[in-house]
Every structure is written in C-alpha cells, then in structure tokens.
Amino acid sequence: MGKAVTEGKTTDADWDAWLVQNSPRLMLYARQQTRSDADAEDVLQGALVQLVNAVELGELRGGSEQWVAWCIAAIRHLAADAARHNATRRTCEQNAVPVSSVHNPWLRSNHDDELRRRHVEGVLRSLRPDYAEVLILRIWEELTFQQIADVTGDNLHTITSRYRRALSILREKLAANPMPE
C-alpha cells in the first residue's frame, strides 16, 4: 500500500488497498464480537464509516498504521451497543402484549394522539435536562450513543447510563400517572 494520506486527504486507491488488506481480519474480529453475521457486517460498516470520518476530520494521528487499532476499538464499542440493543429488543418482544388483547376503542381521533403526545412531553419535561436530552437524541433523532457522546462531549458510558436511567424513570412516571382514557 502506498502513502495512505497526502496532505490530510486519502485517495480512493489508498482506501481500496487498505480495505483489501485489512477487511478480512476486521470482519473476523467483528464476527467474534457479535452473535450474527448480519450484526458483524453492520458493526464493521459502522466502524469503517467512523474511521473515514475521523481521518477526514484529521482526528487520527500517525497515519494508516493507526487505522486497524482504531477500527478494532470502534468494532468493540459498536458490538457492545448492538448487543445491548438486541437484548432490549428481545426483552420488549417477550413482554409485548398480543395485539388481540389491546383495547381498541370504537371511536378514535387525531385529538387522542395529540393528548398522548402532550402527556409524554410533560413527563419528558419533568426529567433532568441531561436525561431528556439523551432520550430525545437517541429515540427521536436516532443518533447512536457514540454520536450523542460526541455531540454532548460526555463519556460514552455516561451517555448509556443516562439513557437507561432516563428510560427507567420515564416508565415509572408514565405508570404512576397514566394517560386518562
């Protein structure tokens, strides 16, 4: 592989050569860190996108020699995020109420949705601002935990902890103060 970065810019040929050389072992590591090939592919793709962004922004020092180690760290973090997401999804699926048992009123209006939105918004406003921010960025803006950490300048573990705690408080408050029927 030739010189990977020239004046802060990486050529397509440099990337192609680096990917050909390193993708198989990065994919192997991603498979080891995840529970499925699909998750491994998603995690590797996410790590490579983050790498490209970091290189283009000049956040990596030391040139292409640092890229593999950087990708391994990114894969590890993304795999942990994916595992948490999958565990949460499985728990939600296990606790889901069958559609046939859900109360289905005869009359419904857009007004009901607006009332529900206001109710949830009121509960969100009662949360600590840093908790509400993480919930809004994760759920409505669909940012990853790493993106939220980058936006807020907080540690990734702090962000994930705030998210879990905020969801717990939100559930408690909604259960204690359900929307009137």
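Reader: What pattern does the protein chain follow, read along the sequence?
Author: In this predicted model, the protein chain reads α-α-α-α-α-α-α. The chain has 7 helices and 0 strands.

Reader: Why is D130 called buried?
Author: The relative accessible area of D130 is 17%. Buried means under 20%, so D130 qualifies. D130 is placed in helix α5.

Reader: What makes the pair R162 and D130 a salt bridge?
Author: The side chains of R162 and D130 meet at 3.3 Å, N to O. The cut-off is 4 Å between a side-chain nitrogen of Lys or Arg and a carboxyl oxygen of Asp or Glu, so the pair R162 and D130 counts as a salt bridge. The pair links distant parts of the chain, with R162 in helix α7 (residues 156-176) and D130 in helix α5, 32 residues apart. Salt bridges that share partners join R128, D130, D154 and R162 into one network.

Reader: Why does the contact between the side chains of D130 and R162 also count as polar?
Author: The contact is listed at 3.3 Å. A polar contact requires N or O atoms within 3.5 Å, so the D130 and R162 side chains meet that distance limit too.

Reader: How do you know that R84 forms a salt bridge with D81?
Author: The closest N and O atoms of R84 and D81 are 2.3 Å apart. The limit is 4 Å, and therefore the pair R84 and D81 is counted. R84 and D81 both lie in helix α3, 3 residues apart, about one turn of the helix.

Reader: Why are D37 and R31 called partly exposed?
Author: D37 has a relative accessible area of 45%, and R31 has 41%. Exposed means over 50% and buried under 20%, so D37 and R31 are partly exposed. D37 also forms a salt bridge with R31, the closest N and O atoms being 3.1 Å apart.

How values were computed:
Residues numbered from 1 in each chain as written. Predicted model: local features only at pLDDT ≥ 70, side-chain atom pairs only at ≥ 80, totals over all residues. Heavy atoms only, no water. Helix = DSSP H or I, 4+ residues; strand = E, 2+ residues; numbered from the N terminus. Buried < 20%, exposed > 50% of the residue type's maximum accessible area, 1.4 Å probe, protein only. Polar contact = N/O pair within 3.5 Å; in protein donor to acceptor, adjacent residues only side chain to side chain.
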